[in-house]
Amino acid sequence: MPLEDKIRQLEATDKLHIWHPFTQMKDWVNEDNHPLIITEARDTFIKDIRGRWYLDGVSSLWVNLLGHRRKEIDEAIKGQLEKAAHSTLLGLANEASIELAGRLSSLMEKSFPASNLNKIFYSDNGSTAVEVALKMAFQYWRHRGFEKKTAFLSLENGYHGDTLGAVSVGGVGIFHDTFRPLLFKTFKAPSPYCYRCPLRRKKETCRLACAEKVEGILKKNADKIAALILEPMVQAAGGMIIFPSGYLKRVRELCLKYNVLLIADEVATGFGRTGRMFASEHEEAAPDILCLSKGITGGYMPLAVTVAREEIYNAFLGEYAELKTFFHGHSYTGNPLACAAAIAVLDIFGKEDVLTSSRGKIGMLQKWLRETESLPHVGEARGLGLMAGVELVREKRKKEPYPWEERMGWRVALRCLEKGLFIRPLGNVLVIMPPLSISIENLKMMLEIIADSINETTD
Ligand SMILES: *Cc1c(COP(=O)(O)O)cnc(C)c1O
């Protein structure tokens, strides 16, 4: 079949049968919309069906860590495929999941010494890792005899996934408000978003007013709160909001003081994205429960883990008839193909010292952010490690945002695409999230394209 016919057919079938996530399908099926159909990927690039290569500036939506078609990961999956593609953890154990659990526990000991984060509960995506964490925290307090601790405290602008528990602790209005009647009530603390201070404080006089708000809520309600959940250091989907220094450390202390568990959702920040293996390490804020997914398999396979401290796990031990069992599980729990990919990722981290070799790139990105902040329509350009956001504004002095209907972020991203770079904005915030393995040259090219596209699109 001639290529153009094949493309037309694929596009027609897509528009007829696929309901795309987070997408207004009326726009998608419009005859002027010709989505890129990706057929191949290599290193930091993706290729569409016409043979055009694009720089993958979003790491395949934040999952790809070490590049596409990494030989070691390809081979690990193929090797496992020759043994078994899947076997359940309900009533059985399997080799790959055992090895990975051991490796992850050692990693936890290295990142969070003496915190006993050594019990690994498997699931298959970030949202379920969060669901597991919430149910675990809730049930933990019941076993401890604190039956009133049934609520959660979370942050405005937080994002923890799209299942209902995760949405209940979410704080991104545009995604979550529709579902409000279905959700359980949660306490909400302000987002530590200094550029648009929710408490209208001046940066100089703030002294972590946001953390004081957390304390206010805990002081009054700790007897009702099972856990505080947050994305440590970077509220990613909420707009790449970076915590002010000292905030996370203070929140960790407050949770201890008020006997509330701390759940760290490192689904986006984990595995080196912020320059440390886990973002919680920046402020030595070892959580009680840790959620990981996205980068864990290098972006190859769906896999998630919820890591719990041994003390939490121990509270679930008892005679069968006491019904202290954690009744939760998924069909693809501990999938061996995914676990094999994750082991290969950890091997690469060990062998190549990925964290050290990303330092030069982090320095380059931080310098670019400072320069970019002086552009007339950039309100703030912020980042930690290789995660960054550029917030576009119509009027810089007044921090006046572009009206959302203008879709300025999306327009800049479209211009980037014309120049060979794929990025996906969050409203007026351009997201920069390249794989850790991106080369200096490709990172430079990516940043140049973004700066040019901002200049050519805004004014
Ligand atoms: C992406 C994300 C999730 C949800 O993960 P899915 O695999 O998309 O369900 C949860 N928490 C954070 C912080 C995320 O960035």
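Reader: How exposed is Glu-406?
Author: In this predicted model, Glu-406 has a relative accessibility of 29% and therefore counts as partly exposed.

Reader: Why does 29% count as partly exposed?
Author: Buried means under 20% and exposed means over 50%, so the 29% of Glu-406 falls in between.

Reader: Which side chain does Glu-406 meet in a salt bridge?
Author: The partner is Arg-394, with 3.3 Å from N to O. Glu-406 sits in the loop between strand 15 (400-401) and helix 16 (408-418), while Arg-394 belongs to strand 14 (residues 387-395), so the pair ties together parts that are twelve residues apart in sequence.

Reader: And Arg-394, what is its relative accessibility?
Author: Arg-394 has 38% relative accessibility, and it therefore counts as partly exposed.

Reader: Now Asp-288: which residue does it form a salt bridge with?
Author: Asp-288 pairs with Arg-252, and their closest N and O atoms are 3.3 Å apart.

Reader: Are Asp-288 and Arg-252 buried or exposed?
Author: Both residues, Asp-288 and Arg-252, are buried.

Reader: What about Glu-371 and Lys-367, how far apart are they in helix 15?
Author: They are four residues apart in helix 15 (residues 359-372), which means a separation of about one helical turn. Glu-371 and Lys-367 form a salt bridge, with the closest N and O atoms 3.3 Å apart.

Reader: How many salt bridges are there?
Author: The count comes to 30 salt bridges.

Notes:
Residues numbered from 1 in each chain as written. Predicted model: local features only at pLDDT ≥ 70, side-chain atom pairs only at ≥ 80, totals over all residues. Heavy atoms only, no water. Salt bridge = Lys/Arg side-chain N within 4 Å of Asp/Glu carboxyl O. Buried < 20%, exposed > 50% of the residue type's maximum accessible area, 1.4 Å probe, protein only. Helix = DSSP H or I, 4+ residues; strand = E, 2+ residues; numbered from the N terminus.
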